[in-house]
Amino acid sequence: MNSVLKTRLISWFEDRFGEGPQLLVRAPGRVNLIGEHTDYNQGWVMPLAIDRAVWIALRPRPDRRVRVFSVAFSEMLDFSLERLRREGPVWGEYIKGVAWAMKHRGQALAGWEGVLDGDVPIGAGLSSSAALETAAVKAFAEVGGLKLTGADLAEIGRRAENDWVGVSCGVMDQMISAGGVAGHALLIDCRSLSAEVVPLPAGFTVMVLDTATRRGLMDSAYNQRRSECQAAADFFKVPSLRDLALKDFESRTDPPEEHLRRRVRHVLSENERTLDAAEAMRRGEAETLGRLMTASHQSLKDDFEVSTPALNVMVEAAMSLPGCLGARLTGAGFGGCAVALVRQEECARFQKEVVFLYEKATGLKPAVHACQAADGVQAFGLA
């Protein structure tokens, strides 16, 4: 638990509401080792929950209102569970969307008030939105006495983002925020929602490389890429691209338009890379994992076309340094972060030199974080 943030949250709650909170909820962000843009194609992904999270200090209310103050935005969200409308601060739509999705599942919701803060960078590709959604689901579940599985939490968060916020994401981000396991990644089958715990390579650190560039998913080509994948699935008459084997696709003599062909090639090859990476991790083969990560970036750059010059510079800088076995963009792309696998004994040098190389090439000041794989969402009662 982040004891500093915990103390601050309790103090902010007392200042805002006059008394202390009864609960703390923590939901982590994530970094995806490999398996990008495969989740909404019902394929495989392999993320890990990181030791950066969204936190809510809260207590139940006797009425059916929800009041949440965001420290980051210095704004208060105040709405009735009886009348959910899309209005107010943008960040608040994720909480209202969760309430809407839970009501549509027939779950009785109780009101609560809270203070929200966290240390997941917003818009960096580390799933701050999914962390917020997962934290909100957990808050509603705790004050309402609802019993929800990790899959329930993930599906509620996904529906909130798809159908209320309007971002056509898959379920990966919510799954890992709900079900992360310390010291491990999760190999997630995005069709069955089954997950297998996979150990991270011993002696290596996952480094998150923030390019200091940002993207908004609703304003980016993210939804376009999803539409292109669906168009390709329709062309090949399969429920999703997961149902098309790479070898069968490459042997087809009736390819779709070239840009759709590239999208398909990425998704199918990325599924294979993800499964191969999980097997390499089970065997402790860090070098193989690194090679697959780097191949993933090339595919995302050339076939799926979601990289940017800044992300490419960051990956190239990382790969030029001793101790880095692999690097790739992580998240949806169009800005945000890259991820690198680095030998622990080289981490301090790597962090210093990758910042220097990137800043020299771009003029931008990046942030580099050594991440630990953390547990998923948790709630803590306060005496």
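Residues are numbered from 1 along each chain as its sequence is written, and side-chain values rest on heavy atoms, with hydrogens and water left out. Because the model is predicted, local features need pLDDT of at least 70 and side-chain atom pairs count only at pLDDT 80 or more, while totals for chains, interfaces and linings use all residues.

**View 1. The second largest pocket holds about 220 Å³ of space.** A pocket here is an open set of points on a 1 Å grid over the protein atoms alone, where a 1.4 Å probe fits and protein lies on both sides within 12 Å along at least five of seven lines. The volume is the space filled by probe spheres set on the points. Helix α6 (222-235) gives the most, with four residues, and α4 (150-165) supplies at least two; helices are DSSP runs of H or I, at least four residues long, and strands are runs of E, at least two long, numbered from the N terminus. By class, the lining has eight nonpolar, six polar and four charged residues.

**View 2. F73 and W91 form a stacked aromatic pair.** Rings of Phe, Tyr and Trp (its six-membered ring) pair if their centres lie within 6.5 Å; planes under 30 degrees apart count as stacked, over 60 as edge-to-face and the rest as tilted. Here the centres are 6.4 Å apart, with 10° between the planes. F73 sits in the loop between β3 (65-70) and β4 (75-80), and W91 in the loop between β4 and α2 (92-104), 18 residues apart. F73 is partly exposed at 41% relative accessibility, whereas W91 is buried at 7% (buried is under 20%, exposed over 50%, partly exposed in between, using a 1.4 Å probe and protein chains only).

**View 3. F236 meets F249 edge-to-face.** Their ring centres are 5.8 Å apart and the planes stand at 85°. F236 lies in the loop between α6 and α7 (246-251) and F249 in helix α7, so the pair ties together parts 13 residues apart in sequence. Both are buried: F236 has a relative accessible area of 6% and F249 has 1%. With F235, they form one aromatic cluster. The charged end of R261 also sits over the ring of F249, 4.4 Å from its centre; for this, CZ of Arg or NZ of Lys must be within 6 Å of the ring centre and within 35 degrees of the ring normal.

View 4. A salt bridge is a side-chain nitrogen of Lys or Arg within 4 Å of a carboxyl oxygen of Asp or Glu. E93 is buried at 12% relative accessibility, and K96 is buried at 2%.

**View 5. R265 and D303 meet in a salt bridge of 2.9 Å, N to O.** R265 lies in helix α8 (residues 258-282) and D303 in the loop between α9 (286-302) and α10 (309-319), so the pair ties together parts 38 residues apart in sequence. R265 is partly exposed at 28%, while D303 is buried at 10%.

Methods: On a 1 Å grid over the protein atoms alone, a cavity is a set of points where a 1.4 Å probe fits but cannot get out, and a pocket is an open set with protein on both sides within 12 Å along at least five of seven lines; lining residues have an atom within 4 Å of a point. Ala, Val, Leu, Ile, Met, Phe, Trp, Tyr, Cys and Pro count as nonpolar, Asp, Glu, Lys and Arg as charged, and the others, Gly among them, as polar.
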